[in-house]
Amino acid sequence: MAKILIGTCGWTDPDLLRSGWYPPGHRDTEKRLRHYTTRFPLVEADSPYYALPSPRTTALWAERTPPGFRFDVKAFSLLTGHPTRPAALPPDLRGHPRDEDLRTEVWTRYAEALAPLHRSARLGTVLFQYPPSLTPGPKAEAFIRTARERAHDWPFAVEFRNPAWWHPDRADRTTAFLEDLHATAVATDTVEGAPPVPVTTPHLAVVRFHGRSPQWGAGTKEERFRHTYTEEELAGWLPRIRALSARAEALHLLFNNCCADAAARAAETLAGLLAGRGEQARTR
């Protein structure tokens with residue numbers, strides 16, 4: 001049976017800070033993270049998707065968290081084929097052509113930034129979330145394989161935003177491809193449903209709960225992720241969580257419905273449901 005870790009996608013979202021979830025006196029970055037670790041054993045660090053962090057920043061993350069705490073870290077946007085603003089790049093790379101040489105240099109710096117988490121055993125996985133524009137096929141597979149080769153020493157998880165990867169006619173090939181890469185397939189929950197996603201690495205399975213907003217894929221960020229999970233909706237996931245946890249050493253359940261404190265409350269509710277049924281979920 002897997003060790004089940006539950007957390008949220010980010011801990012510094014402005015809406016979360018305004019919600020009152022953090023107690024008074026926890027406005028600075030250190031106190032917020034230390035408080036978060038008293039509530040959850042896992043967090044997704046999404047800020048590295050928007051800009052490369054410094055090794056000093058991630059070293060502080062490691063220092064401020066207890067043994068056993070885990071960070072799942074999103075890959076920088078350029079590495080997954082998302083549009084990337086020039087300002088998001090280090091100053092010395094902003095005029096560089098958008099080619100494989102640039103991706104190689106960015107990966108090198110990204111890996112240097114994540115090294116403190118890796119050395120301290122705080123790194124859960126590196127999340128490569130691929131955009132809807134990445135359609136299945138040999139070219140896309142080659143793009144992902146190149147990323148995996150660069151990250152050969154790192155845990156590597158893949159979330160496809162294009163549903164064609166998990167279409168019944170394609171799912172077996174996608175499964176075999178990720179197994180060959182030793183890459184964890186990320187399952188998702190959205191208004192469009194939750195397509196069956198297999199366990200492709202024995203050490204880890206991941207589920208990201210994006211919320212069930214009808215604006216998914218269309219509206220603003222706030223509109224896409226605005227959803228308050230009900231206990232009934234989360235209870236519906238329990239059989240699948242049990243099935244996933246039976247096939248992996250660890251299971252990460254992350255809530256990305258990041259409006260106010262909705263993600264934190266949903267994570268707490270799911271942990272309570274699991275605890276009530278004897279599951280070994282950890283929230284503290």
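Tutor: Happy to! Let's start with arginine 109, which is partly exposed at a relative accessible area of 23%; here buried means under 20% relative accessible area, exposed over 50%, and partly exposed in between (1.4 Å probe, protein chains only). Before going on, note that this is a predicted model, where local features need pLDDT of at least 70 and side-chain atom pairs count only at pLDDT 80 or more, while totals for chains, interfaces and linings use all residues. Residues are numbered from 1 along each chain as its sequence is written, and side-chain values use heavy atoms, with hydrogens and water left out.

Arginine 109 forms a salt bridge with glutamate 105, their closest N and O atoms lying 2.7 Å apart. The term salt bridge stands for a side-chain nitrogen of Lys or Arg within 4 Å of a carboxyl oxygen of Asp or Glu. Glutamate 105 is partly exposed too, with 32% relative accessibility. Because the two residues are four apart in helix H5 (residues 100–119), about one helical turn separates arginine 109 from glutamate 105. Helices (H or I, at least four residues) and strands (E, at least two) are DSSP runs, numbered from the N terminus.

By the salt-bridge rule, the count comes to 19. Another of these joins the side chains of arginine 173 and glutamate 141, at 3.0 Å from N to O. This pair links distant parts of the chain, 32 residues apart: arginine 173 is in helix H7 (residues 171–181) and glutamate 141 in helix H6 (residues 138–150). Arginine 173 is partly exposed at 46%, whereas glutamate 141 counts as buried, with 11% relative accessibility.

Next comes arginine 265, in a salt bridge with aspartate 261 whose closest N and O atoms are 3.0 Å apart. Arginine 265 is partly exposed at 37% relative accessibility, while aspartate 261 is buried at 18%. Both belong to a network of salt bridges that links Arg39, Asp261, Arg265 and Glu268.

Arg39 takes us to helix H2 (residues 29–39), where Arg32, Leu33, His35, Tyr36, Thr37 and Arg39 are buried. What covers the buried residues of H2 includes strands E1 (3–9), E2 (42–45) and E3 (70–74), together with helices H1 (14–19), H4 (55–63) and H11 (262–276); contact here means heavy atoms within 4.5 Å. At the start of H2, a side-chain oxygen of aspartate 28 reaches to within 3.1 Å of the backbone nitrogen of glutamate 30.

What about arginine 208, buried or exposed? Arginine 208 sits in strand E7 (residues 205–209) and counts as buried, at 1% relative accessibility. Its side chain makes a polar contact with the side chain of glutamate 44, at 2.7 Å. A polar contact is a pair of N or O atoms within 3.5 Å; within protein, one must be able to donate a hydrogen and the other to accept it, and residues adjacent in sequence count only if both atoms are side-chain atoms.

Finally, a word on the cysteines. The count of disulfides, meaning pairs of cysteine sulfur atoms within 2.5 Å, comes to zero. Cysteine 9 is in no disulfide, as the nearest cysteine sulfur, in cysteine 258, is 7.5 Å away. Cysteine 9 is buried at 6% relative accessibility, and cysteine 258 is buried at 13%. The sulfur of cysteine 258 has its closest cysteine sulfur in cysteine 259, and because 5.8 Å separates them, they are too far apart for a bond.
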